Amino acid sequence: MNMTHWKESTIYEIYPRSFADSNGDGIGDLPGILSKADYLKDLGIDTIWLTPIYASPDIDHGYDISDYYTIQSEYGTMEDFELLLQEMHQRGIRVLMDLVLNHTSDEHPWFEQSRSSKDNPYRDYYIWRPAKEDGSPPNNWTSYLGKPAWTLDEQTGEYYLHLYNAKQPDLNWDYPPLRKDMYKMMRFWLDKGIDGFRIDAVNSISKDQRFPDTHQEKLQASGEPFTKNGPHIHEYLQEMHKEVFSHYDIVTAGETSKVVEQNVLLYTHPARKELNMVLSPEASTLADRTEDEFQTQEWTLDDLRSILTMWQKDIGEDGGWFGIYFSNHDQRRMVNIFGDPVNYRIQSAKMLSTLLLTLRGTPFIHQGEELGMVHNPLLHHIEDFKEQQALAYYDVMVRERGENEEKIMERIRQKSRDHARTPMQWDDSHAAGFTTGKPWLPVHPDYKEINVAAEQQNPHSVLNYYKKMIALRKENKVLTYGDFKIVLENHSQIIGYIRWMDDEAWLVLLNFSGEEAGYELPDNEADRMRQASFIIGNYSDSQHVHPNIHIPSGTLRPYEAVVYKSEGLMDDGVSQ
Ligand code: NOJ
Ligand code: CA
């Protein structure tokens, strides 16, 4: 397997609006991030990804760009950005920008031109279609907000497509001049010295331009079969690679959903010259219902195990690569999904970090995850919510469909993306040290206990555990490149796997339940791990309770994680 820096890095997601505010306006900014540069260095991460910081009317917190070449004034200036880049580089930290290619803001000058007349040179930068004969939209697709994906524009009497908000019109990648302008913009940032991109919704940029009606009974994004992995997607990515990526030594991580199995190789196999890696939401959306993301569905450990196995197989045997994540700014905090935020917050946060940092693929940590941040419903009334999916859901369900308000609010309180975007908790002073003013979203009331300053002091904190896990991964290449095999198939509480490379094998056992869990390794694995030594565990006495002698069989405590390493027994690899 080829070794490269982007496979070996640990990437940290910064949501700039909520990270650190330097001027007391309640909104995080670039000087704020700069003031935390040493914190990031100390954490041990290699790369930061900044969610969008470009000029934007901000209806989707930066994912609606009105000027790709300017920094949003709330966040600072281009000089602030350049200084941040320089200071990060001085600390050996790479900087990735978020690249939003699928849509712009409707306030972008291209769209203002495009909508002005049918023969404007920018008309085809976006996707326009006439109404159906009966005057209805060109097709029946819904957007990710659960509303119609087309909006009629009075000026020219045609509809434009928007997979998200009507204020986020979709760009027309089938039009070559648009692609050329996008490549130019990417080169502008790369020439400034940034280290790559996280690419938003990248597998939506080529649509089936026949725009057929969909038969999917789904609230959000019902047109997905015709908008994901579309007819020209690989052609455009290869062109992008040739025109842009191939000229720089960078990281390219595509946000992709509905990219499974062999698709991953099409996007990430090095010989295809497209992307370095894809970020897939299968795990973090496991508890979301397909027909309506605001409703929850039951999931089992088998479901999670098969997702992990699929990721690991695609990466390993065939040469693709994944970015691995369980939390980001679009999902609930991972302890709320997979752990127990009330009774075993610390144990489950550490257990999940053990998973994240011992899988093959490039791990992504979402700010605050390293503190074990969780969310209990914090915002209560629809007026308190800021993110557009929650607001749109309320509109559609309560105002349009007349559903019971309390029932819908209960779902929004559980699921809204705002909960993963509350301010970073730095210390126990006013607003958790995030701002001296009034934070744009409330700080979680648990900040007195869960904050950087307190956790730095405590050797058993989630933060100190993350630091150890990040360092462990960096020092042991087997965790990045080694093979992967599930042990304890079908176990209802434990996920267990072996990672191995050359003559080293690592065994990871993770209890996903709030009860004790017994296990017995199959004979061949037990044999190979016979002389294994204890490496790390998430209870302060894990080593004492689980010395190597217990490996063949044993009992894990609630949400317990243990990692062992065995050397010199692996001449022929682990038997399959
Ligand atoms: C994915 C981003 O992560 C999300 O926050 C955003 O709303 C959509 N793409 C649209 O850009
Ligand atoms: Ca600010």
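The following exercises, each with a worked solution, go through a predicted model step by step.

Residues are numbered from 1 along each chain as its sequence is written, while chains are lettered from A and ligands numbered from 1 in the order in which they are written. Since this is a predicted model, local features need pLDDT of at least 70 and side-chain atom pairs count only at pLDDT 80 or more, whereas totals for chains, interfaces and linings use all residues; side-chain values use heavy atoms, with hydrogens and water left out.

**Exercise 1. Confidence and domains**

Find the average pLDDT of the chain, and state which domains the assignment gives.

Solution. Begin with pLDDT, the predictor's confidence in each residue, from 0 to 100. The chain averages 95, and 97% of the residues score at least 70. Next, look at residues 571–576, where pLDDT stays under 50; for this stretch the model has 14 contacts beyond four places in sequence, a contact being heavy atoms within 4.5 Å. Then turn to the domains, whose bounds come from an automatic or database domain assignment. Domain 1 covers 5–103 + 176–468, domain 2 covers 109–161 and domain 3 covers 482–567. Finally, the C-alpha centres of domain 2 and domain 3 are 56 Å apart.

**Exercise 2. The calcium ion**

Which residues coordinate the calcium ion (ligand 2), and is Asp29 buried or exposed?

Solution. First list the donors, which are N, O and S atoms within 2.8 Å of the metal (3.2 Å for Na, K and Ca); water is not among the atoms, so sites may look incomplete. Asp21, Asp25 and Asp29 each coordinate through OD, Asn23 through OD1 and Ile27 through O, at 2.3 to 2.4 Å. Along the chain, these donors follow the spacing D-x1-N-x1-D-x1-I-x1-D. Then consider accessibility, for which buried means under 20% relative accessible area, exposed over 50%, and partly exposed in between (1.4 Å probe, protein chains only). Asp29 has a relative accessible area of 2% and is therefore buried, whereas Asp25, at 36%, counts as partly exposed.

**Exercise 3. Salt bridges**

Find how many salt bridges the whole structure holds, and explain why the pair of Arg417 and Asp60 ties together parts that lie apart in sequence.

Solution. A salt bridge is a side-chain nitrogen of Lys or Arg within 4 Å of a carboxyl oxygen of Asp or Glu, and a search of the whole structure finds 43 of them. In one of these, the closest N and O atoms of Arg417 and Asp60 are 3.5 Å apart. To place the pair, recall that helices (H or I, at least four residues) and strands (E, at least two) are DSSP runs, numbered from the N terminus. Arg417 lies in the loop between helix 14 (405–415) and helix 15 (452–457), and Asp60 in the loop between strand 3 (54–55) and strand 4 (67–71), so the pair ties together parts that are 357 residues apart in sequence. Both residues of this pair, Arg417 and Asp60, are buried. They also belong to a network of salt bridges that links Asp60, Asp330, Glu387, Arg417 and Arg421.

For another example, take Arg557 and Glu560, whose closest N and O atoms are 2.9 Å apart in their salt bridge; Arg557 is buried, and so is Glu560.

**Exercise 4. A loop residue**

Where is Ser18 found, and which residues is Ser18 in contact with beyond its neighbours in sequence?

Solution. Ser18 sits in the loop between strand 1 (11–14) and helix 2 (30–35). Its relative accessible area is 0%, so Ser18 is buried. Leaving aside neighbours within four places in sequence, Ser18 is in contact with Gln367, Arg421, Thr422, Pro423, Met424, Phe434 and Trp440.

**Exercise 5. Strand pairing**

Describe how strand 17 pairs with strand 16 and with strand 18.

Solution. Two strands pair if DSSP finds at least two bridges between them. Strand 16 (residues 483–487) and strand 17 run antiparallel and are joined by five bridges, with Val487 opposite Gly496 in strand 17. Six residues lie between the strands of this hairpin, in which Leu488 takes a positive phi near 55°. On to strand 18 (residues 504–511), which pairs with strand 17 in the antiparallel sense over eight bridges, Met501 standing opposite Glu504 in strand 18. This hairpin has two residues between the strands, and Asp502 takes a positive phi near 50°.
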